[in-house]
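Colleague: I'm new to this one. Could you walk me through it?

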Amino acid sequence: MNGLMTLWTDTGIANFQWPELIMMAVGGLLLYLAIVRKFEPLLLLPIGFGAILANIPNAGFNDEGGMLYYIYHIGIETGIFPLIIFMGVGALTDFGALIANPKTLFLGAAAQFGIFATLFGAIILNLVPGFEFSLADASAIAIIGGADGPTAIFLASKLAPDLLGAIAVAAYSYMALVPIIQPPIMRALTTPAEREIKMEQLRPVSQKEKIIFPLAVLFMTILFLPAATPLVGMFCLGNLMRESGVVDRLSSTAQNELINIVTIFLGLGVGSKLSADKFLNLETLGILGLGAIAFSIGTASGVLMAKAMGRFSKSPINPLIGAAGVSAVPMAARVANKVGLEANPHNFLLMHAMGPNVAGVLGSAVAAGVLLAIVG
Amino acid sequence: MNGLMTLWTDTGIANFQWPELIMMAVGGLLLYLAIVRKFEPLLLLPIGFGAILANIPNAGFNDEGGMLYYIYHIGIETGIFPLIIFMGVGALTDFGALIANPKTLFLGAAAQFGIFATLFGAIILNLVPGFEFSLADASAIAIIGGADGPTAIFLASKLAPDLLGAIAVAAYSYMALVPIIQPPIMRALTTPAEREIKMEQLRPVSQKEKIIFPLAVLFMTILFLPAATPLVGMFCLGNLMRESGVVDRLSSTAQNELINIVTIFLGLGVGSKLSADKFLNLETLGILGLGAIAFSIGTASGVLMAKAMGRFSKSPINPLIGAAGVSAVPMAARVANKVGLEANPHNFLLMHAMGPNVAGVLGSAVAAGVLLAIVG
Amino acid sequence: MNGLMTLWTDTGIANFQWPELIMMAVGGLLLYLAIVRKFEPLLLLPIGFGAILANIPNAGFNDEGGMLYYIYHIGIETGIFPLIIFMGVGALTDFGALIANPKTLFLGAAAQFGIFATLFGAIILNLVPGFEFSLADASAIAIIGGADGPTAIFLASKLAPDLLGAIAVAAYSYMALVPIIQPPIMRALTTPAEREIKMEQLRPVSQKEKIIFPLAVLFMTILFLPAATPLVGMFCLGNLMRESGVVDRLSSTAQNELINIVTIFLGLGVGSKLSADKFLNLETLGILGLGAIAFSIGTASGVLMAKAMGRFSKSPINPLIGAAGVSAVPMAARVANKVGLEANPHNFLLMHAMGPNVAGVLGSAVAAGVLLAIVG
Amino acid sequence: MDISGSLVTALMLMGLGMAFVFIFLGLLFVCINLMAKYIPVDTPVTAPKRKTPVSAKTDQTQINPQVVAAITSAVQQYRKAQSV
Amino acid sequence: MDISGSLVTALMLMGLGMAFVFIFLGLLFVCINLMAKYIPVDTPVTAPKRKTPVSAKTDQTQINPQVVAAITSAVQQYRKAQSV
Amino acid sequence: MDISGSLVTALMLMGLGMAFVFIFLGLLFVCINLMAKYIPVDTPVTAPKRKTPVSAKTDQTQINPQVVAAITSAVQQYRKAQSV
Ligand code: NA
Ligand code: NA
Ligand code: NA
């Protein structure tokens with residue numbers, strides 16, 4: 001009967017406590033969003049599953065020797081997993097549209113205002129009793145506005161590991177919500193006439209330009225912002241492998257098997273940070289609120305910048321593509337295309353929106369570098 | 001001439017001792033079984049090769065800094081490799097046949113009697129002078145009856161690492177021998193009329209059921225047996241990735257590249273435990289004998305359970321499918337099908353046998369959890 | 001303004017020093033060779049990129065916690081990465097041509113004279129003031145003559161880690177330069193009549209022979225040279241997986257995804273050793289010079305051996321295939337074929353040159369084992 | 001622990017373990033039956049359609065009968081035309 | 001640090017950060033324009049041609065219209081022939 | 001160690017190393033010849049048939065001539081039909 005007692009005292013039933021139950025429900029919610037709503041399932045499914053595993057009483061996934069313990073400390077604390085993912089994203093990214101229309105770089109820059117405004121907002125939130133975000137916390141939260149998963153996870157793992165779970169969940173959730181968050185803002189800030197603007201066809205881009213581009217980005221990061229070189233460097237390595245055309249088998253592996261393997265473990269590792277004591281507090285609510293604000297401000301900044309640039313530009317600029325500057329590749333570009341089609345069913349903005357879209361990736365990596373250099 | 005002496009004193013010839021030679025021969029035998037006899041070659045080939053490497057005098061594969069040392073301590077001692085394999089197996093498993101005919105769960109349960117009877121047998125064997133199996137040893141040996149490689153390796157790495165090599169070799173060897181071990185038992189326990197029984201066609205299973213199933217399994221494991229959540233959790237993660245349909249690239253990677261990579265290293269790591277001092281002793285003979293008993297009892301229990309259920313069931317049950325409850329996926333199901341075809345050349349039992357077959361995987365994972373919780 | 005100062009004092013501009021700038025230029029040169037000149041791009045591209053990253057001031061890639069730090073210490077210092085690559089190379093190698101014409105083994109043996117002559121040369125170079133190669137250094141440098149990347153990296157990581165960067169760069173650069181280095185030597189040592197010699201068609205080789213071959217190689221390494229078993233063992237494992245035909249999915253993964261993943265990280269890790277203090281010194285010049293000598297002597301030895309063997313052989317031997325004995329698979333075999341076609345446009349030597357080519361891989365692994373056993 | 005003690009423990013483990021396995025899989029049996037009862041089968045998924053890595057191939061196989069027939073006939077026509 | 005101090009720092013970070021982002025991407029703008037000016041476009045690469053892993057599929061897709069038409073017609077002919 | 005000592009060691013290594021390489025590969029030569037003598041060649045394996053990852057592609061390539069011819073002719077017929 002001793003054994004029976006051991007089994008019983010071991011069961012989840014005998015050990016459940018409310019906080020863990022709630023966190024498992026949060027994990028279940030993430031699975032629901034991933035599977036039924038198809039919200040960024042590649043990450044939210046493993047994150048949700050990891051959250052459930054991490055909160056099982058007596059299972060010890062997060063204890064030394066547990067599987068999630070190894071995944072987190074080996075892959076996320078070191079920054080290795082987000083960097084490998086970023087290399088894969090680089091290998092998946094085509095900078096052609098940006099090189100053909102480099103003005104869109106400024107749209108990608110403007111949209112980063114979402115990050116820095118949110119940083120300010122997070123500090124202001126400290127006025128509310130119960131919130132105590134340090135500057136490092138505020139920076140890690142603000143990067144949600146960059147709408148880039150690996151960048152957010154990398155920065156959070158360096159500046160505010162305790163908030164990593166909430167930040168990653170907020171980042172991926174809002175990236176999935178881009179089709180809901182962005183259109184009202186885009187419509188509010190533009191006139192129908194502006195939304196109908198047709199843009200000139202993009203010039204062809206030579207392979208040489210595409211090869212030199214990642215090297216130029218790396219070179220400038222080295223010159224001006226060494227703190228961003230892990231992120232930007234791995235991204236440029238991936239893109240160089242893609243564009244150079246001489247290491248196709250490496251590029252293909254980086255885009256497929258390698259990024260897939262790491263995605264599974266990155267998701268589980270992020271999920272392991274969704275423990276009750278880190279997640280079930282006021283700060284998480286603050287993070288979710290600030291994240292929504294960050295996306296909204298970023299969208300608005302991009303659109304307004306596009307309107308301003310349209311005034312002075314020789315070639316016409318449809319302000320909707322400014323919204324794609326937050327990145328959330330390629331969702332935000334598709335949203336710009338869709339809202340554009342509502343105004344004019346013959347106006348395809350997708351390729352034009354890819355420019356600010358990929359510029360936004362660079363922009364938020366640069367912003368992350370600035371935050372790492374000053375706050376880190 | 002100094003150098004010549006160094007070379008000579010280094011050679012295998014000058015350092016061979018009988019135990020290591022014998023273990024290399026064992027490795028060679030495993031290679032023969034894998035390549036010529038096609039016995040579970042995916043694992044026995046790397047295990048055999050690892051056994052040879054591990055026993056080379058002066059090569060130091062198992063010493064600190066040696067390759068097998070790293071593989072074993074990083075991947076097997078931590079349990080990471082068997083868990084990743086189990087995730088891949090989950091992604092490869094279709095629970096459709098089980099969901100369509102849930103009664104077969106009881107066949108998968110009954111076949112686990114092979115495990116627990118063998119546990120008892122291992123303790124009895126202590127009466128023979130020379131055997132001294134602790135309860136942990138006996139549990140790790142008994143799990144061979146689960147006919148599931150990753151489960152056996154995981155449990156042995158936790159409860160009896162010294163016996164890991166012999167246990168893994170026995171488990172995979174007997175899994176390969178299923179077509180030889182099972183049919184006589186199946187024929188002895190059934191009448192020709194019983195073997196001819198035709199079963200009803202399986203109902204179609206909706207995707208929703210297939211998605212909810214792994215979550216239900218996980219949920220129940222959390223409630224009743226947290227000790228089994230590493231195994232069951234990773235298995236369910238793999239199956240959820242497969243069935244959810246939203247992360248096809250992750251599921252595909254888990255089923256192919258990731259499981260392949262880990263299989264190579266798992267095999268080498270298991271082979272590294274086939275060292276002379278751990279393998280060349282009476283206990284190994286005991287393990288091999290107990291393993292054969294475990295498979296036989298499991299097979300018999302499954303068949304008898306199927307006969308008993310057939311008495312009370314409205315829809316007919318062919319008792320042969322009970323033998324598939326030991327798992328050894330999909331070999332045991334194929335054996336059931338083959339023995340059935342001998343009795344009636346128009347009676348295809350394969351799909352019906354897949355139900356108890358995959359139920360057996362869950363059954364032995366649950367049994368492993370019970371053993372871990374009480375003995376571990 | 002504090003933040004501005006932080007940013008500024010952090011920039012590359014404010015911290016550049018000449019040595020690091022030069023090393024980044026070296027990295028850029030390697031990228032140029034890889035991308036524009038297509039010199040062994042699979043390795044020189046990541047090596048070049050790694051060299052740039054490693055020399056960024058204030059980025060800390062090589063410091064504890066930096067990405068290259070982890071890659072180097074986990075994958076290269078342990079020898080794991082070159083061994084995995086060697087397993088993949090084994091899975092990619094077809095020994096058919098060698099088994100069909102085993103005499104070519106002696107060509108692969110003769111070409112290793114490049115290694116040992118260079119070892120002697122490196123010690124002689126100590127007579128020049130400024131050079132101080134230890135015997136271990138000299139051995140690691142000499143292995144460049146083996147024309148095998150993974151072997152060179154493995155040996156250098158064990159015997160002379162400080163020289164690893166220069167040695168790997170020299171090895172891969174000269175392997176890419178084989179079409180430039182070898183033909184003049186081959187022409188100088190042969191008469192047009194010799195270059196026109198037609199060889200007999202190769203006999204068909206059975207699968208059994210191909211399966212036994214890697215096992216025989218392993219067996220002899222165990223008997224005579226245990227120090228070479230890590231290299232030879234992994235190579236034979238890969239080849240056995242290929243030829244056994246029973247583990248096709250493992251073989252395919254070893255040849256593709258696994259070798260690709262490891263190649264990316266191996267390249268980055270090697271690049272991380274291209275730091276200014278280790279590379280910008282007289283020794284590097286010595287290594288580059290000795291490497292060129294090693295390739296030339298190896299080529300000459302192979303050709304001369306082939307000429308000598310041709311005198312006594314019943315079946316005719318074209319001396320050009322001796323040059324392929326340095327390995328540099330499959331480049332050197334292609335060069336032999338090309339130079340042969342110049343002499344006789346109907347004489348295809350490619351298959352015949354594959355024999356010495358793969359023999360050269362075994363030859364230099366054996367040579368590496370001898371050096372490890374005596375010097376290591 | 002003496003052997004008889006171990007034997008008792010092993011017997012206890014046998015009973016407890018088999019009971020647990022049956023209870024666990026029995027509850028799963030209940031779960032599946034509840035699912036079958038309450039989940040509408042409006043979208044019956046025929047097994048081979050959704051399996052990811054297989055699907056690409058399977059789909060091609062499914063096209064096969066038609067395509068093979070088409071190509072076979074085309075080849076035959078082509079050959080006939082050539083042999084004329 | 002008191003809140004007002006933090007707020008000042010945050011404001012400073014906002015200005016500095018946005019300035020830096022704009023300067024950085026602005027210099028990249030200059031770079032790209034220089035590239036466009038000095039790199040001859042003699043070999044314009046049409047996007048879908050070089051992408052490695054995609055290429056295999058894309059190429060197939062590019063053949064598709066013709067092949068599909070061909071196979072469709074062949075299938076139709078075959079069926080017609082059979083239904084006769 | 002003084003240079004002349006090193007030189008002697010290096011020379012010794014050269015002789016020993018080359019001897020070892022030749023002996024090793026020479027024994028392998030003997031092994032292969034024994035294999036050739038005693039292993040029946042009843043099942044000669046034509047090289048390209050078994051190579052796993054390549055096979056898939058090779059097989060497709062092998063089908064190609066026929067298929068390509070078939071499809072080409074079908075396309076031509078289709079085009080002719082359309083241009084009418
Ligand atoms: Na962004
Ligand atoms: Na089982
Ligand atoms: Na070589």
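Colleague: Which residues coordinate the sodium ion (ligand 2)?

Modeller: B:G146 (O), B:V326 (O), B:S327 (OG), B:G360 (O) and B:S364 (OG), at 2.2 to 3.0 Å. Donors are N, O and S atoms within 2.8 Å of the metal (3.2 Å for Na, K and Ca), and water is not among the atoms, so sites may look incomplete. Keep in mind that this is a predicted model, where local features need pLDDT of at least 70, side-chain atom pairs count only at pLDDT 80 or more, and totals for chains, interfaces and linings use all residues. Side-chain values use heavy atoms, without hydrogens and water.

Colleague: What separates B:G360 and B:S364 in helix 21 of chain B?

Modeller: About one helical turn, because they sit four residues apart in that helix, residues 350–375. Helices here are DSSP runs (H or I, at least four residues), numbered from the N terminus.

Colleague: And why is A:S327 called buried?

Modeller: Its relative accessible area is 0%, and buried means under 20% (1.4 Å probe, protein chains only), so the word applies. A:G146 has 1%, so A:G146 is buried too. Both are among the donors of the sodium ion (ligand 1).

Conventions: Residues are numbered from 1 along each chain as its sequence is written. Chains are lettered from A and ligands numbered from 1 in the order in which they are written. Buried means under 20% relative accessible area, exposed over 50%, partly exposed in between (1.4 Å probe, protein chains only). Helices (H or I, at least four residues) and strands (E, at least two) are DSSP runs, numbered from the N terminus.
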